[in-house]
Structure formats: C-alpha cells, structure tokens
Amino acid sequence: MSGASYRLQLAPEDVWRALAEIPDPEIPVISIVDLGVVKDVRVEDGRVHVDFTPTFMGCPALEAMTAQMEDAIRGLGAEPDVEVVLDGSWSTDRISPEGREKLRTAGLAPPAPRSAGQPTLIQLERGPFSCPWCGSTDTRLDNVFGPTPCRSLRYCNACRQPFEQFKTI
Amino acid sequence: MPGPSRAELLLALADDELILGWRNSEWTGIAPFLEEDVAFSSIAQNEIGHARALYELAARELGTDADTLAFDRSPEEYRSSPLVELRRLEWARTIVRHWLYETADAIRLEALKQSDDAEIAGIATKIDREEVYHRIHAEMWIDRLLASDDARPRLDEAIEELWPYALGVLDDDLRPELVRKVEEKLGRTMPDVEPVSRGQHEAELAELLEEMTMVRRSAPAGARW
C-alpha cells in the first residue's frame, strides 16, 4: 500500500493504534489509550479530531500528552484537532484491564473501582488495598498524597515495602 | 439584586482556587513534616489546575486568555474571598482555613453540579472528584487536633478568627448548610457574625500578587516559557 492511498484510507482504528504507542509522560509503562484519556476519535477530510479527557486537572503532563497526540496524527499525514474535554467523563474506571496490569507490574497499585459513593478516609484506612509486590492486603495508608496528584502512599506490612497507590477518582 | 454573571461566577471560583493554591504552596519545603510538605504541595497543584480550567472558560467568555486573567489584573479586580487571601503560616490556622474552605467549597460544588449550564456542571463534577481527597485530608487533621488537649485551644482560637471569613466564601443561600456542617463537626453552636464577604480584600492579597507576578512582569511581552 502506498503512502498516498494509506492517507486516503485513514480510519479511526489507525489513529487509535498510533495513539496507543504514546506512553503516559509520568508513568511510561502505560499508554495514554490504556489510561482511558482518549475519549473519541473521528476522521473527517484529512483532519483527525480527538476528544481528550485529562486525568487530574493540574497534571503537568497534560500539554505533553496533547503535543504527542498531535505529532502522532501528523505522522499519519493528517491534521490534528485535539479538544480537551473537562467534565466527569474520565474516571479511573476508564483504565483498561491491560493498563491496570501494567501499573501493577511497575509497582504502582491500580486504583480500586469507583463505588456508588465518594471515597472516604475509613475506606482508605481499612482497605482492602493489595500490595503490588506480594499481593497481601495487609497494607496501611501512609499519606493520602504522594509524588504526583494521582497517587497515595501506602506500606505493606507483609513484605515491608512502601508502594504507590493510584487514587480512585 | 441580580446574581453575578457567568464570567463573574467563574472568576470567583478561579480566583479562590488560584489564591488558595498559592497559599498552600507556601508550605512546600517548610511544613512540620515531610508528609504534609507533600500533601500541601499536591493540594496546591490541584487547586491551581482547577483555576486554570476555570480561567480558560471565563477567558472564552470575556475574549481574553487564562494567563491574562490570572496574572494581569489589579488586586481590586480579583473576586477571591478574603478567607483564601490571608497569610497564616501557622499550623492550627492553616488546618482550620483548609477545612473551612474545603467544607464551603464542597457545598458550592454540589450546587454547581446541579447547574443547567452543562459546561459548569461538567467542570464542577470533575473538580469535585479531586476535592474529595482534600476534604479527607482536612477532616483527618481536624479530627486529630480536636482530640488533642494541647491542640484544641489553638484550634478554637483559629476557628474564632476565621469563622466570619468562612461564611464569606458562600452566597447567602448556601451559608446555612455551612453552619450546619461546621456545627455538626464541632458539636457546638457557631456565633451569628457578619461575614467577611467577597468584594473586600485583605492587604495580603496585593503582596501575594506582587510576588506571584514578579517573573511575568520582568519578562518582555510575548515571552514564551
């Protein structure tokens, strides 16, 4: 297939595939597609429109993600149009099962599923939160906040390792 | 009296978050212990992120950009509530301000989530997902200090000082809910005082803006970072 005909036939799946190659700037084990921040992709007349729902609003990786998506789309020979959507549509439940497994193997405990209510201190203190290293649920909350806004700090009483817990939002 | 315009509402929310974000960041590096250094820095980052998003919405409405709104206005033009402007680098006051603000902000966000304006309801929903962790942090500290014989009198003193300011964060219709929540937590009746309302400013605001915009003002127009 020649480059020209490829461009003519650019399909949303091609864009998704290209975006899936972009690592999260702060947690490079996981791609931005695994992270669930790409909400929608539409291809119209050589323009690729992406709806992007950032994770935490003060995340410094926001600009980097946008720029990388734009580069990837230009790499497919199309004009990017990345729109930042700020509403409740991204939550940690949008992280894919593959993404959760990648986080865990990198030592970052994946977020607990969102429950009906909002997270509470009692929930954070009583768990159950599994250690990403040994799997034990005998872990304790060390700090609600961590090295980036999306993480808390926990400690595993079983294997005596501190670990980072992705916050549920 | 007519209510504030959409842009005024967005600016009030954004200014509160930006100024409090700056105040929270003043603990970076000097908090009583490392965990709080991390916590207040993270909270500051979140608040300033919320401010940016809110300024962007306001800027679209006003035909300007977020940085111009955040940094190029005179102190009198800010719509922040005096509570967030106070500089109180003392732990009891910091925790009390944090808790009172987060409690008031939760009430305000809950109301905004019900807004007919889909953009405002959406952004309030997203902000609230993060604020829930600020509230957990603030309440954890209030509970801890309330239970301490040493901390309790200092906490009471800070509550006494900051209560009129806390009332000033909210409009008249939402204030009763703040009174209810604070009385429930403290187990006592709060005094019926005159709120220190939005529209007036503390002297510390001008100092804060002077410091915050120093680099921007020193750079030639159009500088890129």
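How many helices and strands are there in chain B? Chain B contains 10 helices and 0 strands, where helices (H or I, at least four residues) and strands (E, at least two) are DSSP runs numbered from the N terminus. The model is predicted: local features need pLDDT of at least 70, side-chain atom pairs count only at pLDDT 80 or more, and totals for chains, interfaces and linings use all residues. Residues are numbered from 1 along each chain as its sequence is written, while chains are lettered from A and ligands numbered from 1 in the order in which they are written.

Along the sequence, chain B follows the pattern α-α-α-α-α-α-α-α-α-α. Its radius of gyration is 17 Å, close to the 17 Å that the globule rule gives for 225 residues, so chain B is as compact as a globular protein of that length. The radius is taken over C-alpha atoms, and the rule is 2.2 Å times the number of residues to the power 0.38. The C-alpha trace of chain B spans about 55 × 40 × 30 Å along its principal axes. Of the 225 residues in chain B, 41% are buried, a term that requires 20 or more other C-beta atoms within 10 Å of the residue's own, with exposed meaning 12 or fewer, partly exposed lying in between, and C-beta atoms placed from the backbone.

The contact between the chains takes 20 residues from chain A and 23 residues from chain B; two residues are in contact if their C-beta atoms, placed from the backbone, lie within 7 Å. On the side of chain B that touches chain A, helix 2 (34-62) and helix 6 (118-146) each supply at least two residues. Helix 6 of chain B gives the most, with 13 residues.

| Strand paired with strand 7 of chain A | Sense | Bridges |
|---|---|---|
| Strand 4 (residues 108-109) of chain A | parallel | 2 bridges |
| Strand 6 (residues 151-156) of chain A | antiparallel | 6 bridges |

Within strand 7 of chain A, Glu164 stands opposite A:Leu108, and Gln165 stands opposite A:Ser152. The hairpin of strand 6 and strand 7 of chain A has 4 residues between the strands, and A:Arg160 takes a positive phi near 55° there. A:Arg160 is exposed, with 10 other C-beta atoms within 10 Å.

Another positive phi, near 50°, occurs at A:Asp45, in the loop between strand 1 (38-44) and strand 2 (47-52) of chain A. A:Asp45 is exposed, with 6 other C-beta atoms within 10 Å. Most residues other than glycine have a negative phi.

Key:
Two strands pair if DSSP finds at least two bridges between them.
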